[in-house]
Amino acid sequence: MQIYDSVQKTKVPFNPIREGEVSIYVCGPTVYDDAHLGHARSSLAFDLLSRTLKALGYTVTLCKNFTDIDDKIIQKVEETGKSMQEITAFYIERYLEEMAALGVQRAQIEPKATESLGAIRQMIQTLIDKNCAYSVSSGDVYFDTSKDSHYGEISHKVTDEDTQSRVGHNSEKRNPKDFALWKACKGEEDICFDAPFSSGRPGWHIECSAMIEKYFHSNGQYSLDIHGGGADLLFPHHENEAAQSRCATGHELAKYWMHNGFVQMDGEKMSKSLGNSFFLKDALEVYDGEVLRYYLNSVHYRNDFNFNEEDLLTSKKRLDKLYRLKKRVLPGKASAVSKTFRQTLLDAMSDDLNISVALSVIDEMIAETNEKLDANPKDKPLKKETIANIEFIDTLLGFGGKEPFSYFQIGVDEALKTKIEALLQKRTEAKQAKDFASSDAIRNELTAMGISIMDTADGTVWEKA
């Protein structure tokens, strides 16, 4: 397997720290609001990575955190009057439900910052004891970037006016690049936690470093195999994580760093500050989760993604072809997946998750299978192998697992479904009474509604034409 390492800025062979095992940490959401398409893109990218590694025979341990202590969460507390726990629990549950709708497999480890305060305090204290961090008169604790001679080697960037403004200017900071490890309480109404250095709450960057050290065991050189997240996290978040972990532990945080591209709307980066954030919940109200998954994964994970409805509908037509083939080979049981098809698909995904090649391999399989079935519609071995091929696609890429007639009912509201089922029941009764004129009239009525039907041994099935 080859992956693109963001630090080396090239594709490199993937060699895990421990043979047969892979440890991955992905930066998760700050849970103060609903997930947007940027969150979905990141989750889908690393879900593909995890699925590919598993298909290659690795045992994968994936950790994705929830930041449930943050200034934005505290602002939400002030705005709503709800407790911090109420707000964060609600958005964590919503996030997990929406990711499940996209077919994203749950991480094995899902830590929260509030559950990791002991590890956070311990790491900060270690940095203070090593003279790599210092307190100021307010009680805030800062990391001293001058103590890390490798600072800047992750992102190849050592300053950024926009991101530096996030930590605010403090005249007591030793260096402009120094960042907050701990933010002291600002008043009695502030949400704070006790610590030896001051009552307060952790800074953003220290949370991930502490959680990684808590849940993963270093081999003396690295804490984990792969650290991932959105491209916007490379600096300052991942740069700062790497620096504080390096100084606290004496080893590197991750052997490889991977980052997914942005989601754009009308050419602009998805951002609440631009006012064009597209919430995932809104997309799921209009589009099926599997259709969104296929669309959002159709562009290589490192490239920026320009979301628009026209491309989504074109993407769905491509997915439709897989389900039309599946409908053609069912009912039946799977045999063994084609060795050639399996290997060709894995070769594509082993090349830094080359989804474009993978989807073209699937397109070729669909076309070739349809051609063979046209020549021999009763080819049972081919049908069984095709079912197995589709099951492997679902395992590796997370789509193709639906019952095909249900898939083609996507987009039909419940009221129309009820009407269709009622008409089908009347048609069945008419056929049983040998009233074929009424039966044909009902079929014609359904056709006019854009509904096609098929009589099978298990009854009549229908789909949206």
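H9 and H10 are roughly perpendicular to each other (65 to 115 degrees; under 35 is roughly parallel, over 145 roughly antiparallel, the rest oblique).

The model is predicted: local features need pLDDT of at least 70, side-chain atom pairs count only at pLDDT 80 or more, and totals for chains, interfaces and linings use all residues. Residues are numbered from 1 along each chain as its sequence is written, and side-chain values use heavy atoms, with hydrogens and water left out.

**Exercise 1. Describe how H9 and H10 cross and which residues meet.**

Step 1. Locate the helices. H9 covers residues 289–296 and H10 covers residues 309–329. Helices (H or I, at least four residues) and strands (E, at least two) are DSSP runs, numbered from the N terminus.

Step 2. Read the geometry. The two axes come within 9 Å and cross at roughly 110°. Axes are lines fitted to C-alpha atoms, for helices over the stretch in contact; angles run from 0 to 180 degrees between N-to-C directions.

Step 3. List the residues in contact (heavy atoms within 4.5 Å). H9 brings Glu290, Val291, Leu292, Tyr294 and Tyr295. Facing them in H10 are Asp311, Leu312, Ser315, Lys316, Arg318, Leu319 and Tyr323.

Step 4. Sort by class. The contact of H9 with H10 has 7 nonpolar, 1 polar and 4 charged residues. Here Ala, Val, Leu, Ile, Met, Phe, Trp, Tyr, Cys and Pro are nonpolar, Asp, Glu, Lys and Arg are charged, and the others, Gly among them, are polar.

**Exercise 2. In what order do the strands of the parallel open sheet run, and which strands stand at the edges?**

Step 1. Set the order. The 4 strands run E4-E3-E9-E10, with parallel pairing (DSSP finds at least two bridges between two strands).

Step 2. Find the edges. E4 and E10 (252–260) each have a single partner strand, so one side of each is left without a neighbour in the sheet.

Step 3. From one strand to the next, it averages 25°.

Step 4. Check one pair. E3 and E9 (residues 222–230) share 3 bridges in the parallel sense. Tyr25 has His227 in E9 as its bridge partner.

Step 5. Place the helix. H1 lies across E3, E4, E9 and E10, at about 115° to E10.

**Exercise 3. What joins E14 to E15?**

Step 1. A hairpin does, through 2 residues.

Step 2. E14 (residues 451–456) and E15 (residues 459–464) run antiparallel, with 6 bridges between them. Ile451 is opposite Lys464 in E15.
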